[in-house]
Amino acid sequence: MADVTTYMVSCSMCYMFTDRPEEESNFTCQKCRLVALLEEKVRGLEERIATLKLIKENEDFLDRTEASLLVTEGAKSVREPPKADEWKHVTKRSKKTMEKSPTTQLKNRYQIFVEDEDGTPKDEAIPASKKEKGTQQQVTAKSTAKKQRRVVVVGDSLLRGTEAAICRPDITAREVCCLPGAMIKDVTDRIPKLFSSKDVHPFLLIHVGTNDTARKDLPTICKDFEVLGKKVKELDAQVVFSSILPVDGHGTRRWNRILDANNWLRRWCRQQGFGFLDHGVNYWYDGLLARDGLHLNKPGKHTFARRLATLIRRALN
């Protein structure tokens with residue numbers, strides 16, 4: 001029986017010596033490997049907690065804003081004086097019927113005196129009440145036009161389940177177009193059908209590319225994105241591209257292709273004047289992907305939908 005030569009090897013992390021049949025220059029013991037794995041898990045949990053805190057803060061901010069608007073509107077309605085014909089004389093209670101005193105009309109019957117440059121008074125002076133009414137109508141028209149700005153979110157099947165969070169603020173002017181199995185070319189063909197000539201400076205959010213990374217190489221993906229960019233520039237819209245979400249269990253080649261595509265997409269959007277929403281890749285593995293490693297589970301859909309809705313809210317404001 002041949003003798004086996006053993007070597008005293010120290011761990012590169014804890015520097016503890018151990019006997020090994022072969023000499024190793026970069027040896028890590030089992031305990032240190034477990035500690036490193038736990039530290040990596042803790043970092044992932046911390047990132048997820050930070051994301052959940054950010055989502056909670058955004059939700060609290062929206063709730064506070066809505067509550068303050070309701071309080072403001074209620075206060076305005078309380079402070080608003082009654083009309084002139086609604087004033088009544090209130091007296092002490094008595095069984096006998098009291099005669100009503102003459103109604104006092106609170107009304108400004110004087111017009112604003114306006115002169116020309118030569119000192120001649122103008123005949124078409126606008127009353128103050130009409131001026132205030134016109135100002136209120138202009139403010140109302142501006143707020144209505146802002147609310148009716150068209151918002152379209154289009155992409156692949158990962159958008160399924162995001163409709164409520166995106167369209168709830170204004171279901172008449174917002175739309176989520178989910179195309180299961182769609183690739184970049186499919187979105188390019190669908191874009192002209194989503195808008196009309198009445199849409200003025202609409203907002204367009206595009207999330208696509210996951211299916212392309214499974215079947216196409218990086219140069220082809222980049223070329224398809226360039227064709228899509230030329231198509232959306234014809235709309236005179238505010239355009240934002242959403243980064244491709246990571247996948248799990250589909251090989252390192254596809255993983256690297258997604259990273260390369262996102263890096264290229266970020267640079268290209270900056271050059272073309274498009275917005276870019278980077279979802280990152282660190283926390284998607286921690287309980288947000290479904291079993292197939294491709295789609296999102298319920299918490300993942302909620303997180304994804306809130307990120308898209310928050311982006312739209314900030315873009316419109």
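These notebook entries record what I looked up in the predicted model shown above.

**Ground rules**

I number residues from 1 along each chain as its sequence is written. Because this is a predicted model, I take local features at pLDDT of at least 70 and side-chain atom pairs only at pLDDT 80 or more, while totals for chains, interfaces and linings use all residues, and side-chain values rest on heavy atoms, with hydrogens and water left out.

I take helices (H or I, at least four residues) and strands (E, at least two) as DSSP runs, numbered from the N terminus. I call a residue buried under 20% relative accessible area, exposed over 50% and partly exposed in between, with a 1.4 Å probe and protein chains only.

**Helix H8**

I looked up H8, which covers residues 298–316 and has 19 residues. Its first and last C-alpha atoms are 27 Å apart, close to the expected 27 Å; the expected span is 1.5 Å times one less than the number of residues. Its buried residues include Phe-304, Arg-306, Leu-308, Ile-312, Arg-313 and Leu-316. At the N-terminal end I found Asn-297 as the cap, with a side-chain oxygen 2.8 Å from the backbone nitrogen of Gly-300.

**Salt bridges**

I counted five salt bridges, each a side-chain nitrogen of Lys or Arg within 4 Å of a carboxyl oxygen of Asp or Glu. Which partners does Lys-216 have? One is Asp-212, with the closest N and O atoms 3.6 Å apart. Another is Asp-224, at 2.8 Å from N to O. Lys-216 counts as buried because its relative accessibility is 18%, and Asp-224 is buried because its value is 6%. Asp-212 is buried too.

I then turned to Arg-266 and Asp-278, whose side chains form a salt bridge at 2.8 Å, N to O. Arg-266 lies in helix H7 (residues 252–272) and Asp-278 in the loop between strand S7 (275–277) and H8, so the pair ties together parts twelve residues apart in sequence. Arg-266 is partly exposed at 27% relative accessibility, and Asp-278 is partly exposed at 36%. I also noted a network of salt bridges linking Arg-150, Glu-175 and Asp-199.

**Nonpolar cores**

I define a nonpolar core as a set of buried Ala, Val, Leu, Ile, Met, Phe, Trp, Tyr and Cys residues joined through side-chain atoms within 4.5 Å. The largest has 26 residues, and those touching the most other members are Val-154, Leu-204, Ile-206, Phe-225, Leu-228 and Phe-241. Among the elements giving two or more residues to this core are strands S3 (151–155), S5 (203–207) and S6 (238–242). Helix H6 gives the most, with five residues. A separate core of 18 residues includes Ile-166, Cys-167, Phe-203 and Leu-289.

I listed the contacts of Leu-228 (heavy atoms within 4.5 Å). Beyond neighbours within four places in sequence, they are Ile-184, Val-187, Thr-188, Ile-191, Ile-206 and Phe-241.

**Cysteines**

How many disulfides are there? I found zero, taking a disulfide as a pair of cysteine sulfur atoms within 2.5 Å. Cys-167 is buried at 13% relative accessibility, and Cys-222 is buried at 10%.

**Ser-157**

I located Ser-157 in the loop between S3 and helix H3 (163–167). Is Ser-157 buried or exposed? Ser-157 counts as buried because its relative accessibility is 14%. Beyond neighbours within four places in sequence, Ser-157 is in contact with Cys-178, Leu-179, Pro-180, Gly-181 and His-295.

Technical notes: Polar contact = N/O pair within 3.5 Å; in protein donor to acceptor, adjacent residues only side chain to side chain.
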